[in-house]
Amino acid sequence: MTQIQHPTKLLTFEEFLAYDDRTDTRYELVDGGLVEMPTQSQENCDIAKFLLFELAKHFPITLLAYKDIEVEVSGRRETCRLPDLVVHTEESKAALIGSPRNLNYPRYAPAGAGG
């Protein structure tokens, strides 16, 4: 069996986004270090789905991100959180157009942007 080695140096946000230990383990970046995320409970997943469907009644679906999104948190050291659900503004969603990390969401352009 191969032992997986986690980086011993502090990671930048970009290094975190590119990090792959070839497992299904999910990590958050906290002050430059990897922190393993626990497996989500079914109750947590059900709550996140419920909130998604409720929010979809009030916001365009293109402004909702469910799972698989990284949020860079400003602070003394690099930190990245992996929220279950995000409601974007028109501006934040537009900023993701063309981003290599925006693979799981439909392309979105604000009205009148020709997209």
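View 1. Phe50 belongs to helix α2, which covers residues 42-55; helices here are DSSP runs of H or I with at least four residues, strands are runs of E with at least two, and both are numbered from the N terminus. This is a predicted model, in which local features need pLDDT of at least 70 and side-chain atom pairs count only at pLDDT 80 or more, while totals for chains, interfaces and linings use all residues. Residues are numbered from 1 along each chain as its sequence is written, and side-chain values use heavy atoms, with hydrogens and water left out. Together with Ile47 and Leu51, Phe50 forms a nonpolar patch on the surface, and the accessible area of these residues together is about 290 Å². Accessible areas come from the Shrake-Rupley method with a 1.4 Å probe, and for residues only the protein chains shown count as cover. Patches are made of residues with over 30% relative accessible area and no salt bridge, where like charges are joined within 9 Å and nonpolar side chains (Val, Leu, Ile, Met, Phe, Trp, Tyr) within 5 Å; a salt bridge is a side-chain nitrogen of Lys or Arg within 4 Å of a carboxyl oxygen of Asp or Glu.

**View 2. Asp84 in the loop between β5 and β6.** The loop that holds Asp84 runs between β5 (79-81) and β6 (85-87). The side chain of Asp84 is joined to that of Gln40 by a polar contact of 3.0 Å, a term for a pair of N or O atoms within 3.5 Å; within protein, one must be able to donate a hydrogen and the other to accept it, and residues adjacent in sequence count only if both atoms are side-chain atoms. When residues up to four places away in sequence are not counted, Asp84 touches Gln40, Asn44, Ala48, Ala65, Tyr66 and Lys67, contact being heavy atoms within 4.5 Å.

View 3. Strand β1 (residues 27-30) and strand β2 (residues 33-36) run antiparallel and are joined by four bridges; two strands pair if DSSP finds at least two bridges between them. At 38% relative accessibility, Asp31 counts as partly exposed, where buried means under 20% relative accessible area, exposed over 50% and partly exposed in between (1.4 Å probe, protein chains only).

View 4. Arg22 is found in the loop between α1 (13-18) and β1. Although Arg22 is not a glycine, its phi is positive, at about 60°, and with a relative accessible area of 78% this residue is exposed.

**View 5. Arg81 in strand β5.** Arg81 lies in strand β5 and counts as partly exposed, at 36% relative accessibility. The side chain of Arg81 makes a polar contact of 3.0 Å with the side chain of Glu28, and the residues that Arg81 touches, not counting those up to four places away in sequence, include Val30, Ile69 and Val71. Arg81 and Glu70 are eleven residues apart in sequence, and their C-alpha atoms are 5.9 Å apart in space.
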